Amino acid sequence: MKKLIAVLVVLVVSFAAVAQDVVVPDPVFRPSSAQKGVRISTDVIALALPVAALAGTLITRDWQGLKQGAFSAAATAGVTLLLKYTVKEERPDRSDWHSFPSGHSAVSFATAAYLQRRYGWKFGAPAYALATYVAWGRVFSKKHHWWDVVAGAAIGAGASYIFTRPWAQKHELSIAPYTDGRTFALSASMTF
């Protein structure tokens, strides 16, 4: 019995030593430290930018602007999430199937467009610079393809341009939900 245990121990140790030499390719992307740093910074900016815009809107007691920002945020989130769970595009780092469109880019550009439309370019220009960094960073860190961030930017900026005055008021924009119990849709009309 002692000989059998000794042979088993030798086999297990030998197999473990051989197994360490075998390199199995890992299908999951391993980001560099620069990519990790950029990814973390884009996470922070994509959260801090709308929080700062909200704080500024509340400090100035701009209740109309708050309402417009909320509509922009809701439309951006709704369209982005709907597309993420409908399109199912794999991320470049292969972490999941929710690459299209970029939510970080959508939120960042929605905030930048809101600030620019509501408060002017002195607030909009720095916000657009940060949003552009977020979009670039998502591609650099392999979380999105370039078309994911372009689509996210278009969704976010488009929502803010629609809901943030003076544009929506000037063109008599009207948006109404529709459902038949199985599907959901939005109807929009405006004058040019």
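Arginine 138 forms a salt bridge with aspartate 43, and their closest N and O atoms are 3.3 Å apart. Arginine 138 sits in helix H5 and aspartate 43 in helix H2, so this pair ties together parts that are 95 residues apart in sequence. The model is predicted. The structure holds four salt bridges.

- Side chains of opposite charge can pair when their charged atoms come close.
- Arginine 138 has a relative accessible area of 4%. It counts as buried because that value is under 20%.
- Aspartate 43 has a relative accessible area of 31%. That makes aspartate 43 partly exposed, because the value falls between the 20% and 50% cut-offs.

**Salt bridge: arginine 118 and aspartate 62**

- A salt bridge also joins arginine 118 to aspartate 62, with the closest N and O atoms 2.9 Å apart.
- Arginine 118 belongs to helix H4, while aspartate 62 lies in the loop between H2 and H3, so the pair ties together parts that are 56 residues apart in sequence.
- Arginine 118 is partly exposed, at 25% relative accessibility.
- Aspartate 62 is buried, at 13% relative accessibility.

**Salt bridge: aspartate 93 and lysine 143**

- Aspartate 93 and lysine 143 meet through their side chains in a salt bridge, at 3.0 Å from N to O.
- Both partners sit in loops: aspartate 93 between H3 and H4, lysine 143 between H5 and H6. The pair therefore ties together parts that are 50 residues apart in sequence.
- Aspartate 93 is buried, and lysine 143 is buried too.

**The largest nonpolar core**

- The largest nonpolar core has 14 residues. Phe109, Ala112, Leu115, Ala127 and Tyr128 touch the most other members.
- Four helices each supply at least two residues of this core: H2 (33-59), H4 (103-119), H5 (121-140) and H6 (146-163).
- H4 gives the largest share of the core, with five residues.
- Leucine 115 is in contact with Ala53, Gly120, Phe123, Gly124 and Ala127, leaving aside its neighbours within four places in sequence.

**Serine 108**

- Serine 108 is found in helix H4.
- Its relative accessible area is 0%. Serine 108 is therefore buried.
- Not counting residues up to four places away in sequence, serine 108 touches Ala46, Leu49, Ala131 and Val134.

**The second largest pocket**

- The second largest pocket holds about 320 Å³ of space.
- Its lining is made up of 17 residues. The closest to the pocket centre are Pro50, Gly69, Ala70, Ala73 and Thr111.
- H2, H3 (63-87) and H4 each supply at least two residues of the lining.
- H3 provides the largest share of this lining, with eight residues.
- By type, the lining has ten nonpolar residues, seven polar residues and no charged residues.

Technical notes: Residues numbered from 1 in each chain as written. Predicted model: local features only at pLDDT ≥ 70, side-chain atom pairs only at ≥ 80, totals over all residues. Heavy atoms only, no water. Core = buried A, V, L, I, M, F, W, Y, C linked by side-chain atoms within 4.5 Å. Buried < 20%, exposed > 50% of the residue type's maximum accessible area, 1.4 Å probe, protein only. Contact = heavy atoms within 4.5 Å. 1 Å grid on protein atoms, 1.4 Å probe; cavity = no way out; pocket = protein on both sides within 12 Å on 5 of 7 lines; lining within 4 Å. Points joined across faces, edges and corners; volume = space filled by probe spheres on them. Nonpolar A, V, L, I, M, F, W, Y, C, P; charged D, E, K, R; others polar.
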